[in-house]
Amino acid sequence: MSRVAVIGGSGLLGQSLVAQSVNRGDKVLSTYQSRPFPMSGVENIRLNMSDPVEVQKVLRSFAPEFVILPAAMTNVDECERSPTKAWEINAEGPLNVAQTCKGLRVKLLYVSTDYVFNGLKGTEYYEFESPDPISVYGQTKLEGERCVMDADKHNLVCRVSVLYGWNSLKDNFVTWAIKELRQGKEINLFEDQWVSPTYAPHCAEVLLKLVRSDNKGILHTSGPDCMNRYEMGLAIAKEFKLDQKLVKAIKTKDGNLQARRPGRSCLCVDKAESLLQVSMLPFSEGLKQMRASEGHH
Ligand SMILES: NC(=O)c1ccc[n+]([C@@H]2O[C@H](COP(=O)([O-])OP(=O)(O)OC[C@H]3O[C@@H](n4cnc5c(N)ncnc54)[C@H](OP(=O)(O)O)[C@@H]3O)[C@@H](O)[C@H]2O)c1
């Protein structure tokens, strides 16, 4: 049994991290900002990680052995509209958590994003390649990465891309697409935006292994595919037996986006796969698991 603190346990990835830790028999602290995700056997606490005093108080009193930090301001367009808020949450938040973890001599795993890259390379990014974020979200998450690695070189930064899975609190790309298609609505999806979709429950499994291992530094822990949003939409319609003709391809320039998106921010997962001896989960497989678990999550 370990003592695990999940900062942002109410989020999509956070919920899986918390649930799987509880199932392993760990003592779990889960924090939320606006609304908790209720789960038995979990200590739920409200925490604004932008407040260093609050972060210290909460983590010191729980005394974790590991801290996992999936919390962030994740709405990319909202970050562009409110850069000061994005900075406070995505950069100062991880700084506060990392400083406290350093003081407590506790390993920290920070969840980051493919949006630290500009997406111009044309193929998958490796961990050693230089980030060059093109949005406020990407810039602030990159600063979060730096704060975490500066605090202690044994910490981990795990980058993911387009997280998906069931979440009763908030829709994600896949649950939104399923809902729209089930209502017979057309969905317009970018055919010029390529990503590595990441199934939250499987990613959580990988992160919980990693945080207990001797691995450190930056790792790409997304799904293994490199596919565009339009292809994702077709795959969703196929798996959930919905009308593929409702899935329409559009270009990013025709979307009403506040923030710029990288064109192809796919991540190469070879390093994580070989270090952990696991295979990251393909999108087709994640969708199958979602269909099998609908209503039971
Ligand atoms: N979603 C994606 O497609 C995607 C893609 C690439 C990388 N990532 C990264 O993966 C991580 C997890 O993403 P997700 O989609 O699971 O996130 P999410 O569902 O949007 O959840 C975000 C979490 O952060 C918490 N939070 C927000 N502001 C906070 C603050 N000031 N202090 C403390 N906690 C705060 C939220 O609490 P409340 O919900 O209670 O407000 C929630 O628990 C993030 O770090 C994100 O940058 C996500």
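A disulfide here is a pair of cysteine sulfur atoms within 2.5 Å. Keep that in mind as we walk through this predicted model, starting with its cysteines.

By that rule, the count comes to 1 disulfide. The partners are cysteine 226 and cysteine 266, whose sulfur atoms sit 2.0 Å apart. Look along the S-S bond and you'll find an angle of 70° about it, which makes this link right-handed. Where do cysteine 226 and cysteine 266 lie? Cysteine 226 is in the loop between E11 and E12, while cysteine 266 is in the loop between E13 and helix H9 (270-276), so the link ties together parts that are 40 residues apart in sequence.

Cysteine 79 is in no disulfide: the nearest cysteine sulfur belongs to cysteine 147 and is 15 Å away. At 12% relative accessibility, cysteine 147 counts as buried, because the cut-off for that is under 20%.

Cysteine 147 also brings us to helix H5, where it is one of the buried residues. Helix H5 covers residues 136-151, 16 residues in total, and runs 23 Å from its first C-alpha to its last, close to the 22 Å expected at 1.5 Å a residue. What covers them? Among the elements covering the buried residues of H5 are helix H3 (76-81), helix H4 (83-104) and strands E5 (107-113), E6 (156-160) and E11 (217-220).

Our last stop is helix H8, residues 229-239. At its start, a side-chain oxygen of asparagine 228 reaches to within 3.1 Å of the backbone nitrogen of tyrosine 230. Within H8, the buried residues are Arg229, Met232, Gly233, Ile236, Ala237 and Glu239. They pack against helix H6 (173-182), helix H10 (283-293) and strands E8 (187-190), E9 (194-195), E12 (227-228) and E13 (247-250). Just after H8, lysine 241 takes a positive phi of about 55°.

Note on methods. Residues numbered from 1 in each chain as written. Predicted model: local features only at pLDDT ≥ 70, side-chain atom pairs only at ≥ 80, totals over all residues. Heavy atoms only, no water. Helix = DSSP H or I, 4+ residues; strand = E, 2+ residues; numbered from the N terminus. Expected span 1.5 Å × (residues − 1). Buried < 20%, exposed > 50% of the residue type's maximum accessible area, 1.4 Å probe, protein only. Contact = heavy atoms within 4.5 Å. Polar contact = N/O pair within 3.5 Å; in protein donor to acceptor, adjacent residues only side chain to side chain.
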